[in-house]
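This report covers selected strands, helices and residues of one model. The sequence and structure come first, followed by the notes.

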Amino acid sequence: MNIVALISGRGSNLEAIIKGINEKKIKGKISLVISNKKNARGLQIASNYGIKSKFLDPSLHTTRESYDLELIETIKKENPDLIVLAGYMRVLTDSFIDAFKNRIINIHPSLIPAFQGLKAQKQALEFGVKFTGCTVHFVTKELDSGPIIIQAVVPITPEDNEETISEKILHYEHRIYPQAIKWISDNRVIQKKRQVIVKNAKYGCIPVNPELEDF
């Protein structure tokens, strides 16, 4: 399976995925990492692992549509099977999503459909929920609303703040994201409208549903 990853920041999820590939758990490779931020640490991570990377400068475009057209053309040259958003902080245009329909996945730091958009951890704390978590989902034109592959639940305590809850969530992000990609690479993920089923996975588990197998 050929993967293109889009990043904007530190690249910790990117590195978790790369490690899954290098450990032969994920059948595939990352052929290109693209960032919309010149100084994103994830670009250095890609370089450290010998993965081709590229900075595409949004300031050279007057519209999101124009930027995404360049992004589409750059990605198409790699002929990817899957596009992984690993901390990519730009909202994708409809044109981009149409170009790679059902081939884009994202990880979001909440139990979607709760707390969509930016600062999901802060939203959860301010709302006063007792559980939050993270979700790997297919990307659709509705923000953070696509069909769900896997979710992990994290409890919130009275002592938690945005930083501590973010760290708790990140621990599971680094496990469920490569797990979802492995399932996809093994052709075990079946999507029927909003329902996503992983063949032969164990469901009904806490804190991760379906249950982790490899990570």
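## Cysteines

At 11% relative accessibility, Cys205 counts as buried, where buried means under 20% relative accessible area, exposed over 50% and partly exposed in between (1.4 Å probe, protein chains only). Cys134 is buried too, with a relative accessible area of 0%. Cys205 takes part in no disulfide, and the nearest cysteine sulfur, that of Cys134, is 15 Å away. A disulfide is defined as a pair of cysteine sulfur atoms within 2.5 Å. The search of the whole structure finds 0 disulfides.

## Basis of the model

This is a predicted model, in which local features need pLDDT of at least 70 and side-chain atom pairs count only at pLDDT 80 or more, while totals for chains, interfaces and linings use all residues. Residues are numbered from 1 along each chain as its sequence is written, and side-chain values use heavy atoms, with hydrogens and water left out.

Helices (H or I, at least four residues) and strands (E, at least two) are DSSP runs, numbered from the N terminus. Strand β4 spans residues 82-85 and is covered on both faces. Leu82 and Val84 are buried on one side, and Ile83 and Leu85 are buried on the other. In a regular strand the side chains alternate between the two faces of the sheet.

Two strands pair if DSSP finds at least two bridges between them. Strand β1 (residues 2-7) pairs with β4 in the parallel sense over 4 bridges, and Ala5 stands opposite Val84 in β4. Strand β5 (residues 104-108) runs parallel to β4 and is joined to β4 by 3 bridges; here Leu85 stands opposite Asn106.

β4, helix α4 (residues 94-99) and β5 form a right-handed β-α-β unit. Right-handed means that, with the strands pointing away from the viewer, the path from the first strand over the helix to the second runs clockwise.

## Helix α1

Of the 11 residues of helix α1 (residues 12-22), 8 are buried, so the helix is largely enclosed by the rest of the structure. Among them are Leu14, Ile17, Ile18 and Ile21. The buried residues of α1 pack against β1, β2 (29-35), α2 (41-48), β4, β5 and α6. Just after α1, Lys24 takes a positive phi of about 65°.

## Lys182 in helix α6

Lys182 belongs to helix α6 (residues 162-185) and is buried, with a relative accessible area of 12%. Leaving aside residues up to four places away in sequence, Lys182 touches Lys25, Ile26, Asp214 and Phe215. Contact here means heavy atoms within 4.5 Å.
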